[in-house]
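I opened this structure to look up a few places in turn and to write down what I found at each. My notes follow in the order in which I looked.

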Amino acid sequence: MNSKGNIFNIQHFSIYDGPGVRTTVFFKGCNLSCKWCHNPESISPKSQFEFYSDRCIGCGACFKACPNGVHVLDDKQMHTINRAKCIGCLACADVCFANAITAVGKYVDADYVFDSIMEDYLYYSNSKGGVTFSGGECMLQTEFLYEILKRCREKGIHTAVDTAGNVPWSSFERILPVTDLFLYDIKAADTAVHKLLTGAGNVRILNNLERLSASGKQILVRIPFVPGCNDGQIPGIAGILKSLNISRVEVMPYHKLGDNKYTALGLDNELKDVEVPTEAVMDRAVEILVSEGLNAVKT
């Protein structure tokens, strides 16, 4: 097989997505819409473009290349974008040599991804690293994911799947035999709060986590910590996790590194005024988790 899938980045020499030096493959498309998402380009399953106006040199190449008049000049002769007309052909990105317009998402085959993974093969063994599949939600493209995981297993490459768990259990069953580690995101304990923050409840997510725990697979839970959103959920999350087979819990502070992406995608950033949590607040969250017997750290 050589199935195809939509990815938006392959990051080499990553040290934050599992043990050792890793290659992280980012899949496009997610069935959650977390208010704090620092990869908003990952949410839509369709190919998109980002526009960085400060890089635009006004050459007009994108105006000529676009078949639908997405790129226009306003009354002040400023480059503006009518995204409602965009069909995702990305012709504008192809001709923008100033990188003011960049493509996000491309359909590639398993060969393409695996060849890129193999470029760092020596680093995996030397650092006890491997490959992490992230997103978006990589498990929405289950067969594409399975094929690459299987090839990694055949080469003895350690694999990690970063997931929010909002998929049918059958998707987990498909990849369990070829996955070494799950990086499992937990955003909230209360399903109503979870729906408010992400657009979906968490019943399926928590049920899948319980079944995954029973499978004996190694699980590292990651909790995004966002002041004013889910900071009050830590005790409830601790109560859920304490009876499960969780090797480690990482509390990840909200950050603003993805803010410029919202503007580039023409999206509204609802949390643009939220401040990053202090060290003291993060320490308290970790203390609550540790008090329940969990191996918890802040990242």
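Helices (H or I, at least four residues) and strands (E, at least two) are themselves DSSP runs, numbered from the N terminus.

I also noted that this is a predicted model, in which local features need pLDDT of at least 70 and side-chain atom pairs count only at pLDDT 80 or more, while totals for chains, interfaces and linings use all residues. Residues are numbered from 1 along each chain as its sequence is written, and side-chain values use heavy atoms, with hydrogens and water left out.

**Entry 1: strand 10 and its partners**

I looked up strand 9 (residues 158-163) and found that it pairs with strand 10 in the parallel sense over four bridges. Within this pair, threonine 163 stands opposite tyrosine 184 of strand 10. I then followed the chain from strand 9 through helix 6 (residues 169-175) to strand 10, and this β-α-β crossover is right-handed, a term that applies if, with the strands pointing away from the viewer, the path from the first strand over the helix to the second runs clockwise.

Strand 10 also pairs in the parallel sense with strand 11 (residues 218-225), over five bridges. There tyrosine 184 stands opposite valine 221.

Next I asked how many residues of strand 10 (residues 181-185) are buried. Five of its five residues are, where buried means under 20% relative accessible area, exposed over 50%, and partly exposed in between (1.4 Å probe, protein chains only). In a regular strand the side chains alternate between the two faces of the sheet. I found Leu181, Leu183 and Asp185 pointing one way from strand 10, with Phe182 and Tyr184 pointing the other way.

**Entry 2: helix 3**

Which residues of helix 3 (residues 110-118) are buried? I listed Ala110, Val113, Phe114, Ser116 and Ile117. They lie on the same side of helix 3 because they cover an arc of only 160° around the axis, the arc being that of the directions from the helix axis to the C-beta atoms. An α-helix has 3.6 residues a turn, so residues three or four places apart point the same way.

I then looked at what the buried residues of helix 3 pack against, and the list holds strand 1 (4-14), strand 2 (22-27), strand 7 (106-109), helix 4 (121-127), strand 8 (130-134) and helix 5 (142-154). At the start of helix 3, a side-chain oxygen of aspartate 109 comes to within 3.3 Å of the backbone nitrogen of aspartate 111.

**Entry 3: serine 3**

I found serine 3 in the segment before strand 1, and with a relative accessible area of 18% serine 3 is buried. Leaving out residues up to four places away in sequence, serine 3 touches Val108, Asp109, Ala110, Glu143, Phe144 and Glu147, where contact means heavy atoms within 4.5 Å. The side chains of serine 3 and glutamate 147 make a polar contact (2.7 Å); such a contact is a pair of N or O atoms within 3.5 Å, and within protein one must be able to donate a hydrogen and the other to accept it, while residues adjacent in sequence count only if both atoms are side-chain atoms.

**Entry 4: cysteines**

Cysteine 30 is partly exposed at 23% relative accessible area, whereas cysteine 152 is buried at 0%.

**Entry 5: backbone angles**

Most residues other than glycine have a negative phi, and most peptide bonds are trans. I noted leucine 90, with a positive phi of about 65°, in the loop between strand 5 (79-81) and helix 2 (91-95). Asparagine 99 has a phi near 60° and sits in the loop between helix 2 and strand 6 (101-104). Leucine 90 is buried at 11% relative accessibility, and asparagine 99 is partly exposed at 44%. The peptide bond from glycine 135 to glycine 136 is cis, with omega near 10°, and glycine 136 is in the loop between strand 8 and helix 5.

Methods
Pairing = 2+ DSSP bridges.
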